[in-house]
Amino acid sequence: MGWLIQAFVAVPGLLSLVGNTGVDVQGYFGTVARENAECPSTADDFRYLGCYKGFNNAVTASFGPSPQRYNPPGDPSWSFPGWDPGSDTDNTMTPLTCARACRGLGYKYAAVRDNNCNCGLQLEPDTLSITGGVCNIPCYGDISQTCGGDDAQVYVDPTFADLALVPYQATGNAALAASYQYLGCFYAPYNFRTDDAHSDIFTNSMETCLSLCAGLGYPYAVGTPQTGQVHCNCGTNFGVGAYRVHPAGIEGCGYDCAETVGVTCDPTSTVAGAPKCCGRHDYYPVYINPELEGCYTPIIPGYKNSTDQPFYECGDVPLSLTGSAKTLAEKTYTDAQPGIGTKINIAHPDTVVDAGGGGVLLLRLLRPSNEWRP
């Protein structure tokens, strides 16, 4: 089985043009370098949990999100820089690149099945089994590695709280919900992008909304009053077009979730027992749970005055609201047991050769030639 090889020259200064285009600063504009800078002691530290059987059911549930290559002018919310699983000329599909993309979008788990990558926050014990799984298909990005098969190779970001402390609870987790705090008022026309039907819920109150999001493991939660109910959405990062509203203009985030006539709600209140607020018309008071995050927090949009403003102003998110769990313990993994619990450290292979003349020649191993398609 041969390999196709691509060669191209990177011209100095060309890539410096990328940062001057005024792009929306959302989670999908993070980078691996940014991840590793925020997680210096756990850079690329993802642990292999095993080959899980019966993963098809889980993909339709907690592991619905799948990162896609960026394809403008479409919605880039599920893209991640450098991630291109659909390329025949420079495919990046390996377990490590999948795990990086999932971390970049705020997820705890990465699952690789039949050269597909899915991200998740919870392992549902009723739908997954580590016994008898078959994961033997070579990766499109590196034939020396496997990328699942009939079943899925599952990896975890160990900087999240131990699963035993934040178990999957479809009916909610009121105790964990107490850790949600007000992040800010955001204009979010596309809300949170999760591809998870569990995260789009109609319930009876904002407090129940927070409990349900906590039970599913989501760090973000918002609610909208809707004819006697609260339309609840949970998420891990912001969708395209979102921005934070300046404090002077947060009235759109001050709705009473019970829709009581004449009653408003103050999302900035720090009074114990103060009710959580709802939003309307694409403006939402966003609540964040620091106990449900890993070391890397996807980029939180900065301030704007309107959608017409081309650039963001820096936000002021306190460190106490971002990064790994503040009180819940992480699980300690060792490399003592080969395979299970070990760190993955093999990326998409690159060979860099000095081509002279100020350029750099990059030789990349591509899809096996007997699997080539035009």
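What share of the contacts in the protein chain with a separation of 6 or more comes from residues 24 or more positions apart? The share is 75%, where a contact means heavy atoms within 4.5 Å. This is a predicted model: local features need pLDDT of at least 70, side-chain atom pairs count only at pLDDT 80 or more, and totals for chains, interfaces and linings use all residues. Residues are numbered from 1 along each chain as its sequence is written, and side-chain values use heavy atoms, with hydrogens and water left out.

**Overall make-up**

- The protein chain holds five helices and 14 strands. Both are DSSP runs numbered from the N terminus: helices are H or I with at least four residues, strands are E with at least two.
- Of its 374 residues, 50% count as buried. Buried means under 20% relative accessible area, exposed over 50%, and partly exposed in between (1.4 Å probe, protein chains only).

**Disulfides**

- The count is 10 disulfides, each a pair of cysteine sulfur atoms within 2.5 Å.
- Cys98 and Cys117 are joined at an S to S distance of 2.0 Å. The torsion about their S-S bond is about 80°, so this disulfide is right-handed. Cys98 sits in helix α3 and Cys117 in strand β4 (residues 116–120), so the link ties together parts 19 residues apart in sequence. Cys98 is buried at 0% relative accessibility, and Cys117 is buried at 3%.
- Cys102 and Cys119 form a disulfide with sulfur atoms 2.1 Å apart. Its S-S torsion is -80°, a left-handed link. Cys102 lies in helix α3 and Cys119 in strand β4, so parts 17 residues apart in sequence are tied together. Cys102 is buried at 1%, and Cys119 at 0%.
- Cys209 bonds to Cys232, S to S 2.1 Å. The link is right-handed, with 70° about the S-S bond. Cys209 belongs to helix α5 (residues 206–216) and Cys232 to strand β9, so the pair ties together parts 23 residues apart in sequence. Both Cys209 and Cys232 are buried.
- Cys314 counts as exposed, at 75% relative accessibility.

**Salt bridges**

- There are six salt bridges. The rule asks for a side-chain nitrogen of Lys or Arg within 4 Å of a carboxyl oxygen of Asp or Glu.
- Asp44 pairs with Arg100, the closest N and O atoms being 2.7 Å apart. Asp44 is in the loop between α1 (32–38) and β2 (47–52) and Arg100 in helix α3 (residues 95–104), so parts 56 residues apart in sequence are tied together. Asp44 is buried at 14%, and Arg100 is buried at 17%.
- Asp157 pairs with Arg103, with closest N and O atoms 2.9 Å apart. Asp157 is in the loop between β5 (152–156) and α4 (174–177), and Arg103 is in helix α3, 54 residues apart. Asp157 is buried at 2%, and Arg103 at 1%.
- Arg280 and Glu259 meet at 2.6 Å, N to O. Both lie in the loop between β10 (243–245) and β11 (283–288), 21 residues apart. Arg280 is partly exposed at 25%, and Glu259 is partly exposed at 31%.

**Strand β7**

- In a regular strand, side chains alternate between the two faces of the sheet.
- Ile201 and Thr203 form the covered face of β7 (residues 200–203), while Asp200 and Phe202 form the uncovered one.
- Strands β7 and β9 (residues 229–235) run antiparallel, joined by four bridges; pairing requires that DSSP finds at least two bridges between two strands.
- Asp200 stands opposite Asn233 in β9.
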